[in-house]
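Subject: Structure handover

Hi,

Here is the structure we talked about. Please load it before reading on; the notes follow below.

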Amino acid sequence: MCRMAGSICQTRLLSLFDYKTEKYIVAKNKKVGILYRLIQLSIIGYIIGWVFLSKKGYQETDEAIQTSVITKLKGVSVTNTSESGVLVWGPEDYVIPPQGEAVLFVITNFLETPNQKLGYFPLYFIYNSPEHLCVNTECALTSVFFLILRSNVLKTNDDSYLKKCRYDEELHPYCPIFRLGEITRRAGHNFQDMAAFGGSIGIMIEWDCDLDKGDSRCHPRYHFTRLDISSDKTVAMGFNFRHTRYYKNEAGESYRSLFKVYGVRFNIMVNGKAGKFSIIPTAINVGSGLALMGAVTFFCDMVLLYLMKKSTSYRERKYEGSGYESICSNFTP
Amino acid sequence: MCRMAGSICQTRLLSLFDYKTEKYIVAKNKKVGILYRLIQLSIIGYIIGWVFLSKKGYQETDEAIQTSVITKLKGVSVTNTSESGVLVWGPEDYVIPPQGEAVLFVITNFLETPNQKLGYFPLYFIYNSPEHLCVNTECALTSVFFLILRSNVLKTNDDSYLKKCRYDEELHPYCPIFRLGEITRRAGHNFQDMAAFGGSIGIMIEWDCDLDKGDSRCHPRYHFTRLDISSDKTVAMGFNFRHTRYYKNEAGESYRSLFKVYGVRFNIMVNGKAGKFSIIPTAINVGSGLALMGAVTFFCDMVLLYLMKKSTSYRERKYEGSGYESICSNFTP
Amino acid sequence: MCRMAGSICQTRLLSLFDYKTEKYIVAKNKKVGILYRLIQLSIIGYIIGWVFLSKKGYQETDEAIQTSVITKLKGVSVTNTSESGVLVWGPEDYVIPPQGEAVLFVITNFLETPNQKLGYFPLYFIYNSPEHLCVNTECALTSVFFLILRSNVLKTNDDSYLKKCRYDEELHPYCPIFRLGEITRRAGHNFQDMAAFGGSIGIMIEWDCDLDKGDSRCHPRYHFTRLDISSDKTVAMGFNFRHTRYYKNEAGESYRSLFKVYGVRFNIMVNGKAGKFSIIPTAINVGSGLALMGAVTFFCDMVLLYLMKKSTSYRERKYEGSGYESICSNFTP
């Protein structure tokens, strides 16, 4: 009978600081041993090589970035028709809307119904394709990492850099100035071919920021794709819409001109992600890697205890008090 | 004294390939045994059933999709007022802006202040509601999965499909053509009721893509909701804004007409996520599931070692060299 | 020889419900014991304190929110020039586009080239800065949590609240009404200084929703930043674009006025995230935390088995059948 409960409690409390560690039995079985080490090495290799080095599993990723896109077109086009003579078109005439948004439409062809009388004008082609499109993306990465601003324009002291540079993936990744023909070419199409019936081009800018490596590792990548093309004939290729200009005559009566404008719609879409070291994903990846090691033990145990020659003997040693010995020894003559 | 250190090292090195496995004691206690198996089964069921089958825990999810929305309205409306007589309105007149963006405004009512003289015109109702709105969403899922394009328009060889189809959740989920009245009805409101003071309707398109199941498993789902409605009276219902048309008279002097236009503002919002098998989330979910199994052992140990009758005997066997026996045996007469 | 296989199978099946638990050896080494408990406590503290309480590791986070932004400007400005005399400007004149989108441009200065004849007009300053900007964000959090609508406007029964309130981080966080000068001031700039050459201001609204804590815990936070400023001179500060107004004379001939407008471009960007309790991240965090505990055992084992005085004796006890004793005892005289 234990009377001295206080003393026992004290002993129990002290035994909290006894270090308890699993007892192992050593199976001198090189086959299973090597199998175990091989699988263990694979898991360690997977965790370090794939999860941490390749996939940056130690980083928290933020995909919710906020972006502001400003576009500007430059260049003049000239049309020469029998009806209107020579007309000079500036961006203020051929870009809709003119204020430089992320979605912009460049008129390449139009059909005028003046004074809203029937009788269509012939198609007027704008011969010279506009010079270039400047896409200025201010990319604000926020939320987890306080406030960070990134721009796709090179930081330089050369005032005239943006005036003369043209985008080049290798040489000028931070010069967001494109010739329209170059954009459609990268999307796999010819600007002149698209001019007659218009089309829709997606300009996707992807930011991939590694905030652990400082400012220099935050690159914008550009993808260009034509959006109004499909493998079938359902959706008509091309892009057009109608708009009107309203006038009043001397008597104050309204009349209007209807324009059906064909052109290329450019849609600048920005997304991105930013990764930064964080203890939580690191702990999760290390922790679950370690747990998988436990599964290796389970698997190797199965091999050892059921597939090896001396499996019964191993079972006896591994499971103390299991009674495996007695079961079989009883039936062994 | 160990002199032959080399030999020992060799032995140690070889012992690396000895397979070491935890020694278990078997407690022939069916209560705890069944408890253990039940909890173990629950965890396995949770991992397989909930994490993997239901929540697709083996997939990496990408929520950063890039979308391009093109809208087009069709249909003609007629107004008949004493001041202006019969007027025919096309989309170029009643849609602002006319170029087919993701946010578009359909004029349903307006108030003109012509020539910028005071004296308001009466409200002009546009009697016939516009025919239909075509929402053409090109949805580009990018980043993790190279570049994938999805469209909410059915791939078909039938040229006239889009000319005659109307959206239906069951029958025509890939026909993004809606009657305006149908949109407001789905948002719980009547288009005619909204026409007088306008309103704001959100059209949310959600893409849920399972990239493991091929192209066919990438469905857009539509939600319609009225945004200018709240449970209280703070925010006035309705939607309107003012815009102007500028004219010049013969003398070259500018004058303008001010329009206060009421109407329904449609905002097409697209988001989505794409899941694809990835080894990392799989390993994390399996690993942490296995680790939870360890917690089961800990819990069942507590039951066995503290709540069972023969707990002292189990403790003695489990903890070799703990001195539990001696503590009590010393005090036992 | 085991003949009675059936009986053995039955015994094996029953042994499934024997509870097996690791055998531990107790090392009465208080140093390692305390080290083990300290690391164990640190991990528990990290899991509970950092992962769960601070970082809400029990929540699933949804960053894909859908937002609809409506803007409205109010206020009248007056310009007084020798050429045009006194002109009154309403928002319909100085806001482009007028329909209240997320990107809006406020004219602060312009240059007119009337009738498309050369000869520039002097810069006209709009003296009085527009009164205020109302940013009404309807924020629809979707996807994981069915459909949830949040607005950055206070829910109140006071009709006139929005008419008299002004945004204040502390007092009126749900009054999204700003004076333009206040916005630029918060972005670190003076509106009057920006008026001459324009500029670009980003208004970022971040939603941080804790859906476990009910409606009240879904706050919008505002950040204001100037986007057209950079540390170098590459990108010219300021913002301007050209637009045209088209007229017809009595003879039906078209002519136009070209405006180069300078002004402040406001870009309202909304993002956010919503967290809600979910069993999966909870299980992952608990599971990997438990697995890390396993690593502690491994580390403490290393200390015990290699750095402690009696390490050989511990090794002998921990690894049953390892032959460590025999290796050394053989060489010991």
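First, a term: buried means under 20% relative accessible area, exposed means over 50%, and partly exposed lies in between (1.4 Å probe, protein chains only). By that cut-off C:Cys165 is buried, and so is C:Cys175.

Some conventions. This is a predicted model, where local features need pLDDT of at least 70, side-chain atom pairs count only at pLDDT 80 or more, and totals for chains, interfaces and linings use all residues. Residues are numbered from 1 along each chain as its sequence is written, chains are lettered from A and ligands numbered from 1 in the order in which they are written, and side-chain values use heavy atoms, with hydrogens and water left out.

Disulfides

How many disulfides does the structure hold over all chains? There are three. The criterion is a pair of cysteine sulfur atoms within 2.5 Å.

Chain A: the sulfur atoms of A:Cys165 and A:Cys175 are 1.9 Å apart. The torsion about their S-S bond is about 85 degrees, so this disulfide is right-handed. Both cysteines sit in the loop between α4 (161-164) and β12 (177-179) of chain A, ten residues apart. Helices (H or I, at least four residues) and strands (E, at least two) are DSSP runs, numbered from the N terminus. A:Cys165 counts as buried because its relative accessibility is 5%. A:Cys175 is buried too, at 0%.

Chain B: B:Cys165 is joined to B:Cys175, S to S 1.9 Å. The torsion about the S-S bond is about 85 degrees, so the link is right-handed. B:Cys165 and B:Cys175 lie in the loop between α4 and β12 of chain B. Both are buried.

Chain C: C:Cys165 pairs with C:Cys175, again with S to S at 1.9 Å. This link is right-handed, with 85 degrees about the S-S bond. The two cysteines lie in the loop between α4 and β12 of chain C, so the pair ties together parts that are ten residues apart in sequence.

Other cysteines

Is B:Cys300 buried or exposed? B:Cys300 is buried, with a relative accessible area of 0%. C:Cys300 also counts as buried, at 0% relative accessibility.

Best wishes
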